[in-house]
Amino acid sequence: MEAPGLPIALLRRIAAAPPAAPAGERCEMCGEPIAAEHQHVVDLDSHAMMCTCRPCYLLFTDSSAHLRYRSVPDRYLSFPDFELGPGQWDELEIPVGLAFFFRSSRMERTVAFYPGPAGATESELPLDAWDAVMARNPALSIAAPDTEALLIRGPGVDRPQADCHLVPVDSCYELVGHLRRLWRGFDGGQEARDQLTAFFEKVSSRSRPVHEATRESASGGPP
């Protein structure tokens, strides 16, 4: 038989003990704890993003190395002279007004994804249509394969011209994840549109015009 008072003493010890610290996020390569704000490495085979600590991130920053993984840089550029001719957005066969494009080094071609209720959906990108966009905007070739994306917002009723930014590819997946949670109906609904507007305002505030980055790179300045 249990001694009188034992359950109460046990409850007191449990109440006095500090709660276990939450596990938090860990580096998906070495297992070390990482902060909520951390960097990512992309798996070139699957395009999956991996959360990493700083030392693991630095292992894969050499873009010339023949490795399976590549670190995602933190570069934002704008293309003030970006042009999308009449009908070119429709020729890209993107069913919504937003998509991101990046070159897959494994597939040796550009791939396109657009947001929706299921998350990031890959589009069957017509290569001749994309080649026409690149021919009209040769500055877009500055984007690094696999790790940097060209985020393009097509023309709309409140925006006669399309706009384009170069962004880290992980930020595109982050945006798509936010939109997925808010998506309503065919076009996403008002909450998704508000989220998209806020995201582009943030991107615009961080972006430098591409001609500035090109000039600095040619003179040996910051990339």
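**Group meeting: pockets and buried residues in a predicted model**

Let me start with a cysteine: Cys164 is buried, at a relative accessible area of 2%. Buried means under 20% relative accessible area, exposed means over 50%, and partly exposed lies in between, with a 1.4 Å probe and protein chains only. Cys172 is buried as well, at 1%. The structure has 0 disulfides, a disulfide being a pair of cysteine sulfur atoms within 2.5 Å.

Some housekeeping. This is a predicted model, where local features need pLDDT of at least 70 and side-chain atom pairs count only at pLDDT 80 or more, while totals for chains, interfaces and linings use all residues. Residues are numbered from 1 along each chain as its sequence is written, and side-chain values use heavy atoms, leaving out hydrogens and water.

Now the overall picture. There are 7 helices and 10 strands in the protein; these are DSSP runs, helices being H or I of at least four residues and strands E of at least two, numbered from the N terminus. The protein has 223 residues, and 40% of them count as buried.

Next, the pockets. Which residues lie nearest the centre of the largest pocket? They are Glu37, His38, His40, Asp170 and Glu174, out of 24 lining residues. The elements giving two or more residues to that lining are β1 (39-43), α5 (169-182) and α6 (189-206). A pocket, on a 1 Å grid over the protein atoms alone, is an open set of points where a 1.4 Å probe fits, with protein on both sides within 12 Å along at least five of seven lines; lining residues have an atom within 4 Å of a point. The lining of the largest pocket divides into 12 nonpolar, 6 polar and 6 charged residues.

The second largest pocket is lined by 21 residues, with Gly97, Arg159, Asp187, Arg193 and Leu196 nearest its centre. Here α6 gives the most to the lining, with 6 residues.

Last, Thr147. This residue sits in the loop between α4 (127-136) and β8 (148-153). Is Thr147 buried or exposed? Thr147 counts as buried because its relative accessibility is 3%. Setting aside neighbours within four places in sequence, Thr147 is in contact with Val42, Arg70, Ser71, Val72, Pro73, Val167, Pro168 and Val169. Contact means heavy atoms within 4.5 Å. Across the protein, of the contacts between residues at least 6 apart in sequence, 56% join residues at least 24 apart.

Definitions and conventions: Ala, Val, Leu, Ile, Met, Phe, Trp, Tyr, Cys and Pro count as nonpolar, Asp, Glu, Lys and Arg as charged, and the others, Gly among them, as polar.
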